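The structure is shown first for reference.

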Amino acid sequence: MAIGTARSYAKLRASVFALLIAHVTLRLIFPTPSVFADLYIYNAIALLGAAVAFFAPPFNDQLARLALSTALSLWAIGSITTAWNDFYTPTIWPNLSDFCYILFYPLVLFGLIRALTAHRKFLAIELLDVVIIIFGFSTLIAAFFLKSAMAHFIGSSTSVFLSIVYPIGDVVLLSIALIIVIVQRRALRSLLFLVAIATFTVTDIYFLYKSGTTGYSFAQLTDDGWLLGLILMAEALWHHGGESEISERIISTSITVAMIFSGAILTISALKRGYLPDVALIPAIATVALAVVRMAVALKDARSASSNLELSRIDELTGLANRRRFMTEVEMLKDNPGTLLLLDLDGFKYVNDTLGHGAGDDLLRQIALRFSRVVPHGSLLARLGGDEFGVVIPGGTRHGAEVAMALTSTVSYPFVVDGHEVTVGVSIGRVINDGSNELMRRADTAMYEAKRAGGGTVLWQP
């Protein structure tokens, strides 16, 4: 980062805190709500916080920066909508603020996890995990508190539900942040995130308490707690530390709990109609549906990974095992009785040079087919590259000698390639496992001795 650019960003970060202090001072001196202080300055601080997150240093995970800056921008839009409707007419669509505030939580949770874990490839299933956790815990809180909240709050069940959704999101964020801090042993970045989310949560809970008791009045001094939480989230991205792998158990356990409670709530509601308002069932249904989608995605990814792994161990031309798979089997052979064979074709280069590479490839496929017919079950036949093959044969030494003879016999009669009858031979180096780490070198030495002798099989001797 250039010196001039670094200074500009330092000024940006400092200006956000300076504006927050100025806004708190204005609130203390002029407690009456005003357009200048509570629409323009207040929301300018939130938008500047989003900019601080967006321009965070490149050592951050790019998706973390994008998620957190977007979350802060959405929160600012929701706040602007609320403030505008209090000061001006005509009003903006009031549900826009709820829409923005609700989107804020999954984006922060996603950004938090990405920011506090070692950089890794993005997986779409991560987004599903975040949404399932949010919906699942929304179901849990709604089941316990919605009916009680409706007795104290004025409005429809939907408006009451939305009022308590925000503390639900805060609790989920706070729980994840606390677990991460414990796992990472108080790294500065994770501590800043924890303080930020705790500040934001306390402000939300105080807002909910005031709304349900004495009543909440717009533009209170405590509203700056939201801004402080947002600014600290953005500031955390400017500090190193705290990037480590988080155990998958944290996420998987959260999803399991969310699924159990969502299923239980749906079962209770089916058995006892009207026990909960319909709006409380929406997150439960969404949790179950998304969990099914996640399972399908996970199974698809698992099949794809398994297929890719298998393809990475297969020779594309012949369909036999490739060198990687062969070397793995050789390592396993060292701990068990068995025989290792290395094979090199005699006369293949002439065929390849005179009839072309296409004919050579066809010949290799025919040879691989003949070899595979005589290799016993439980053994591994592999193409190691070019015209070289290898066989790992578990069991006694006699068994290995018989296989070598059978392989030599398979090439004793001609092949037909592009209408031409061609003949090739094979030189085989055979080594009996004695626990040595030099099996491949010994087999290679024996194979070249066989080649110098004009073909056949040579057993490596000490």
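Is the crossing of H2 and H8 left-handed or right-handed?

1. The crossing of H2 with H8 is left-handed, that is, the near helix is turned anticlockwise from the far one by less than a right angle. This is a predicted model, in which local features need pLDDT of at least 70, side-chain atom pairs count only at pLDDT 80 or more, and totals for chains, interfaces and linings use all residues. Residues are numbered from 1 along each chain as its sequence is written, and side-chain values use heavy atoms, with hydrogens and water left out.

2. The axes (lines fitted to C-alpha atoms over the stretch in contact, with angles from 0 to 180 degrees between N-to-C directions) of H2, residues 35-54, and H8, residues 224-236, come within 8 Å and cross at roughly 15°. H2 is therefore roughly parallel to H8, a term for angles under 35 degrees.

3. Contact means heavy atoms within 4.5 Å. On the H2 side the residues include Tyr-42, Ala-46 and Gly-49, which meet a set in H8 including Trp-226, Leu-227 and Leu-230. By class, this contact of H2 with H8 has 10 nonpolar, one polar and two charged residues.

4. Beyond its neighbours within four places in sequence, Trp-75 touches residues including Tyr-42, Ala-46, Trp-226, Leu-227 and Leu-230.

5. Of the 462 residues of the chain, 45% count as buried.

Methods. Helix = DSSP H or I, 4+ residues; strand = E, 2+ residues; numbered from the N terminus. Parallel < 35°, antiparallel > 145°, perpendicular 65-115°, else oblique. Nonpolar A, V, L, I, M, F, W, Y, C, P; charged D, E, K, R; others polar. Buried < 20%, exposed > 50% of the residue type's maximum accessible area, 1.4 Å probe, protein only.
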